Amino acid sequence: MDRNFARALTLVLKHEGGWSDHPADPGGATMKGVTLANFRRYVKADATKDDLRGITDAQLATVYRRFYWDAVHGAELPDGVDHAVFDFAVNSGPGRAARYLQGVVGAVQDGRIGPATLNAVSAMMHATVINDLCDRRMAFLRGLATWPTFGKGWTARVSAVRSAALKLAVPNAPEHAPPSPAPVGHPVDVKQPTAPTRSGLASFLQLITRAIAAWFIRGHRPWHR
């Protein structure tokens, strides 16, 4: 979402740091994640390294928006997914970030995010998209020749991006408490009927015999009014 650009930029800059001109970095001279090539492209065509070191916040936002955010259609991506794709684009290029996102959602991997890709993203659980994208990003990074030099930092970065993106995608997600265990039932003490004793049975039969005899006598004796 476009309203998320400022927040996404703040999160990205936490990982970009300040000035860098590491000989093993193919991006060359970089200030807060902005390469000299991109600074010349979007801000000042004949800029020097000193110009890049003095980049202003407004110039910084211009480069990030035009070269990265707009390139991956950050304003049209769902919350959380926009941050994951944006950070990937900053770190490894918008074309690669777009292709990997398309691979996650099953769209044609042409590196250009359009209606088909956006519809495919919307059709999936956003948390699933974020997790799968971060997993694929890590697999890509591990395959780079510069992994031994930058691998530790990349791992920490992608882990932080995953966490932040998931929080943006599922704000205020309730923590589901585990179900309470079912109460343990106690066996019921069912008293079984006591079998009649021999003497008790004899008494019982005797009572029945007397009752039948009395009924028989009453049944055959006329009733006197």
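Predicted model: local features only at pLDDT ≥ 70, side-chain atom pairs only at ≥ 80, totals over all residues.
View 1. Helix α5 is mostly covered, with 11 of its 12 residues buried. These buried residues are V81, D82, H83, A84, V85, F86, D87, F88, A89, V90 and S92. From its first C-alpha to its last, α5 reaches 16 Å, close to the 16 Å expected at 1.5 Å a residue. The residue that follows α5 is G93, and its phi is positive, near 100 degrees.

**View 2. The buried face of helix α4.** Buried residues in α4 are L60, V63, Y64, F67, Y68 and W69. Seen down the axis of α4, the buried residues fall within an arc of 150 degrees and therefore line one face of the helix. The elements covering these buried residues include α1, β2 (30–31), β3 (34–35), α2 (36–42), α5 and α6.

**View 3. The largest pocket and its lining.** The largest pocket holds about 770 Å³ of space. Its lining comprises 29 residues, of which E16, D25, V90, N91 and W154 lie nearest the centre of the pocket. Two or more lining residues come from each of α1 (5–16), α4 (57–69), α5 (81–92), α6 (94–105), α8 (126–142) and α9 (147–169). Helix α9 gives the most to this lining, with 5 residues. By residue class, the lining of the largest pocket divides into 11 nonpolar, 14 polar and 4 charged residues. V90, listed among the residues nearest the pocket centre, also belongs to the buried residues of α5.

**View 4. R3 in the segment before α1.** R3 is found in the segment that precedes α1. With a relative accessibility of 60%, R3 counts as exposed, because the cut-off for that class is over 50%. The C-alpha atom of R3 is separated by 7.4 Å from that of A75, although R3 and A75 are 72 residues apart along the chain.

Notes
Residues numbered from 1 in each chain as written. Heavy atoms only, no water. 1 Å grid on protein atoms, 1.4 Å probe; cavity = no way out; pocket = protein on both sides within 12 Å on 5 of 7 lines; lining within 4 Å. Points joined across faces, edges and corners; volume = space filled by probe spheres on them. Helix = DSSP H or I, 4+ residues; strand = E, 2+ residues; numbered from the N terminus. Nonpolar A, V, L, I, M, F, W, Y, C, P; charged D, E, K, R; others polar. Expected span 1.5 Å × (residues − 1). Buried < 20%, exposed > 50% of the residue type's maximum accessible area, 1.4 Å probe, protein only. Arc of directions from axis to C-beta. Contact = heavy atoms within 4.5 Å.
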